[in-house]
Amino acid sequence: MTKLKRLATRDDSIVKIQFPLTEKDLDDRKVQYDLLTPKQFATRYNDSLFKPIVFGLNGGSHTIQYNYCINPFCCNIGMGQQKFVEVKGKPSRYKITGSSKDHKGLYCNDNPVGKGVSQNCKVTPLSNWSVAEEVKRLVEMGSIVDIEPDYQFHKECCSTKDATPFKDAKLFYKRGKSKAKSQRYQCKECKKFTNVLPKRTETTTYHQKKNSILPMLARMLVGKVSVSRSCEILGIGVGTYYHKLEWIYKRCLEFLERYETKPLQTMQFNELWLNTDKMHYYLNNVRKKGQGSKQYSGMEDLNMQTHLVVTAEALSRYVFRADIAYDWDVTLEELKEDTRILKEDHLNTFSRKNDRLDWSYYPQEPSANDTDDKAVYEHELKQIINRGKFVDGLNVSSGYTTTAHYLLIKQSLNAIQWRMISDDDQSIRNSFYRVFNKEIKLTDAHHFVCQVDKTKSRKECLDEFEEARVNLLDWAASIGYESKNLRNIASRYLTEVFSTHRFHKDTVNKDGEISRIHSNNPITHPLASKDKGFFRVDCRTDLSSLEPKEIAKMVLNVNDHSTNSFIQQIRRRISSLERPLTTARGDKKSYIYANFNPKYAQYVVTILRTYYNFCRPFKSSDGIKATPAQRLGITKKQFDWNDILYFK
């Protein structure tokens, strides 16, 4: 029988990262910190650039090393660093470029051996250690664990003090159940009574007062009712509101464990279309208690931009993950201790454990050979002290969150062919190429860019929608194609287009070798939509091995409806994540109703994702009304809030 659950914490160590440094390494850093300049110190420890990080997850061991070429057309894509000792001059596959420790790049040298042409690409390296830390954060954030109480079934003098009713039932009496449905046991020897936690099937409301308000609160959470109005309507305090919110979030995680995680483990997709987009919002800068106006300056007007990374299945609109790029558990004290031990203020960004955070190190007093003066240190120290007066935690670079986001999606899904759709966002693009480098190299993964002109008015979009319909019908009539189905006509049209059109072009290098490069040659999608009119489609990966009919079939599926739909639901249904208000003056935006603690934003987004996937059906062009989970094939029924909250 399933035990009662609780939210996982960092102390549960669900993800165990193998510490990449030895005591000797730490001692060496301590000695060299005052002997070398920051540039010399950073160069000395550049070996972490290509050093893999090992971590344990779900009983398996995983290795991260994402610093390599990520250009789909380059022969070096996904290849690790190598020194070609048999070639004159002993060149390496990559070299580090850039003079500043905060702006280093990884550059592809010319290929000295074998076949394949280097594109002389340049990519910004990541900290492998920091990627692993972000994976750990995302896993722990979305995990639940069994509650394991430490029961005392006996008095100290009992002769059977090691016995438990779970293993030695004959040594105990069953004395009925409490009002909370806890089983009560009595030791036959010492006569001590002990209550044990009920099973989840025995009660769904353990330690929940005012349980009757939970379904209504759940509807309010995804119905754009603010915190204060919810408390007023339900007759509860703010503390109770957030306690109930956390309980509903935990319940959604339990529901997803049963109806999402387990079914997806057994499913295999021949072709999976992922659509990824990012939503950003600004935190409401609320100072902590006791931080008076005389003790801070310059932070209330600072817009602290926070990103939410969303990935959905493009055809069914099922949302696989929605992760906020914010670590609410990390503290400035931990950052200070990491900086002191690891000397991260003098390391290159790709060597830092905390490079994912917007403050990747805590300012330290200038060392003996430091090139920065004390004024720089004092300025940085003042900034981070002011930051500490606001909400706990720190923002995470969206590139790290997106990379960890894709890694977890790839591990949870089984697919033969991967197709990805996004806008032309560099952090999304680079993250996908890093995580799916092997599939891209084998042409089992392709990336399509959906480019939309957001300056068009609503009327212009509707006019273009009608224009697209007329154009397709006229084209079909001109070639004698007797069909009124716009999708079939568009497929036929695109097949003809791709008999001559290419998303890449051929080039010849100085040695006469022919290679392909991305040509930045998008096409206009023939099926315009009512909300965005015509849009452009490009492909960033190599489609040269496919026939025009196959390319046309894929391009026909390219759209960003799935992520747009969910992000619009977030804006319309979650009050704290709605768009900013325009002030009375009209020249500024107000974020007064914005979320000030990203932890609760993550909770509500997960609750909405559960409701959106399993409870909210939509009608497709074929007239079928079903939920995204039904369309994906992981369930056959439409659920409601009682199913989620009470498993009924």
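Mentor: Happy to! Two strands pair if DSSP finds at least two bridges between them, and helices (H or I, at least four residues) and strands (E, at least two) are DSSP runs numbered from the N terminus. This is a predicted model, where local features need pLDDT of at least 70, side-chain atom pairs count only at pLDDT 80 or more, and totals for chains, interfaces and linings use all residues. Residues are numbered from 1 along each chain as its sequence is written, and side-chain values use heavy atoms, with hydrogens and water left out.

Trainee: Great. What is the order of the open sheet of three strands?

Mentor: The order is β9-β10-β11, and the pairing is antiparallel. β9 (172-177) and β11 (193-195) each have a single partner strand, so one side of each has no neighbour in the sheet. On average, neighbouring strands here are turned by 25 degrees against each other, direction ignored; axes are lines fitted to C-alpha atoms, for helices over the stretch in contact, and angles run from 0 to 180 degrees between N-to-C directions.

Trainee: How many bridges join β9 and β10?

Mentor: Four, linking β9 with β10 (residues 183-187) in the antiparallel sense. One of the bridge partners in β10 is Q183, which pairs with K177.

Trainee: And where is K191?

Mentor: K191 sits in the loop between β10 and β11. Its phi is positive, about 65 degrees, although K191 is not a glycine. Most residues other than glycine have a negative phi.

Trainee: Switching to hairpins, which residue takes a positive phi in the hairpin of β19 and β20?

Mentor: That's G512, with phi near 85 degrees, in a hairpin that has five residues between the strands. β19 (residues 504-508) and β20 (residues 514-518) pair in the antiparallel sense over five bridges, and K505 has I517 in β20 as its bridge partner.

Trainee: Now helices. At roughly what angle do the axes of α4 and α6 cross?

Mentor: Roughly 90 degrees, with the axes of α4 (residues 214-221) and α6 (residues 238-266) coming within 11 Å. That makes α4 roughly perpendicular to α6; the cut-offs are under 35 degrees for roughly parallel, over 145 for roughly antiparallel, 65 to 115 for roughly perpendicular, and oblique for the rest.

Trainee: Which residues meet there?

Mentor: L214, L217, A218 and L221 in α4 meet Y241, K244, L245, W247 and I248 in α6, where contact means heavy atoms within 4.5 Å. By class, this contact has eight nonpolar, no polar and one charged residues.

Technical notes. Nonpolar A, V, L, I, M, F, W, Y, C, P; charged D, E, K, R; others polar.
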